[in-house]
Amino acid sequence: MSEAGLGALLIALMFLLFAMGMEIALAMGIVGVLGLLYLKGWTVGLGVVGSIAWSNATSFTFVAVPSSSS
Amino acid sequence: MLDAIKESNLEEKEWQDAAAAEERARKRLPELGMTIVDPSKDEMAKARQIAKAAWDIWLQRTGPDGKRGLELALEGAGPVAAARDREGVEGGGAALGAGHAGPGAAHLLRRPHAVLLQSSAAASWTSWDPSSCSSVIFGAAAQTYRVGGHVRVDLVTSTCRAPRARGCAVLNLALGLVFLAVVIWVTSQSALTAYRYGRVSAVLLYPLWLPMLLIPAGLLLMALCMVGTLRRQLRAALGPWDRRDEVPPSAGTE
């Protein structure tokens, strides 16, 4: 399958998961992981998942998130 | 493959590129109003002595693998340090880079001035790196899930009949749990690797495995909440017909 075809398929899957009522974060994560595993294989794909989680979590912007809403 | 690498002469080219880049920087930085200061022998000796404690801790944690890695890094640093000695730069930033960085020495050898900058920031404590602690945000994932704070679209499921919405909810929870299990596994492995190899933050040099562990820990809490919801959802699915609807994430809100 071409990369463009895979992208279209995964985007369609993402909207299907949205329609099923899945949380947006989980739906996008699942689709992203599937794409990475298909394109890069298990070893690299899973490695990238770990590094993406870390690099996105350690955003300087998040430092401003308040600790309490009360 | 090794023969092909030798033929390509890549390492030699990389060193030449690094030397050319440094030469350009040494010309350009004064033009931009900066002063380049090469550390004296005394400063270098002091930096090596301070860095040695970090080397020892790192070698203790990494064992024979770390020892071998360090030997390789120092072996790679040899020609550069020797060349700098010949140039009269007294060992230069390269040796300091190896001393300061431990596991990342080979990489930092290409950026001696960046290493010096990091060393001075760490010594003065005037700069800190809080962003790597922002992974604490994952600690809130479970509570956000419990109060229904994760954004989702219920435009379609709200118009479905209860059994269909219930089926979607079970499927969503099962898929979500599989996904979380994968992410928890890989992020735990990353934290474990950081612990084994003594990775530290860029400036304050605190152990990176601590903030890294917050990601799988927070996601594990969220997964446990989802397991509870899945159990209640399955119970509802097997219960009376009129109660076979989608259950809320938290039992207290039913």
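Which residues touch the most other members of the largest nonpolar core? In this predicted model, where local features need pLDDT of at least 70, side-chain atom pairs count only at pLDDT 80 or more, and totals for chains, interfaces and linings use all residues, they are A:Ile30, B:Val183, B:Ile215, B:Leu219 and B:Met222, and the core has 33 residues. Residues are numbered from 1 along each chain as its sequence is written, while chains are lettered from A in the order in which they are written.

A nonpolar core here is a set of buried Ala, Val, Leu, Ile, Met, Phe, Trp, Tyr and Cys residues joined through C-beta atoms within 7 Å, and a residue is buried if 20 or more other C-beta atoms, placed from the backbone, lie within 10 Å of its own.

Leaving aside neighbours within four places in sequence, B:Val183 is in contact (C-beta atoms, placed from the backbone, within 7 Å) with A:Val49, A:Ala53 and B:Leu219.

The contact between the chains takes 24 residues from chain A and 29 residues from chain B. On the side of chain A that touches chain B, α2(A) gives the most, with 12 residues.

Chain B itself has 9 helices and 0 strands, and 26% of its 254 residues count as buried.

Methods:
A residue is buried if 20 or more other C-beta atoms lie within 10 Å of its own, exposed if 12 or fewer, and partly exposed in between; C-beta atoms are placed from the backbone. Two residues are in contact if their C-beta atoms, placed from the backbone, lie within 7 Å. Helices (H or I, at least four residues) and strands (E, at least two) are DSSP runs, numbered from the N terminus.
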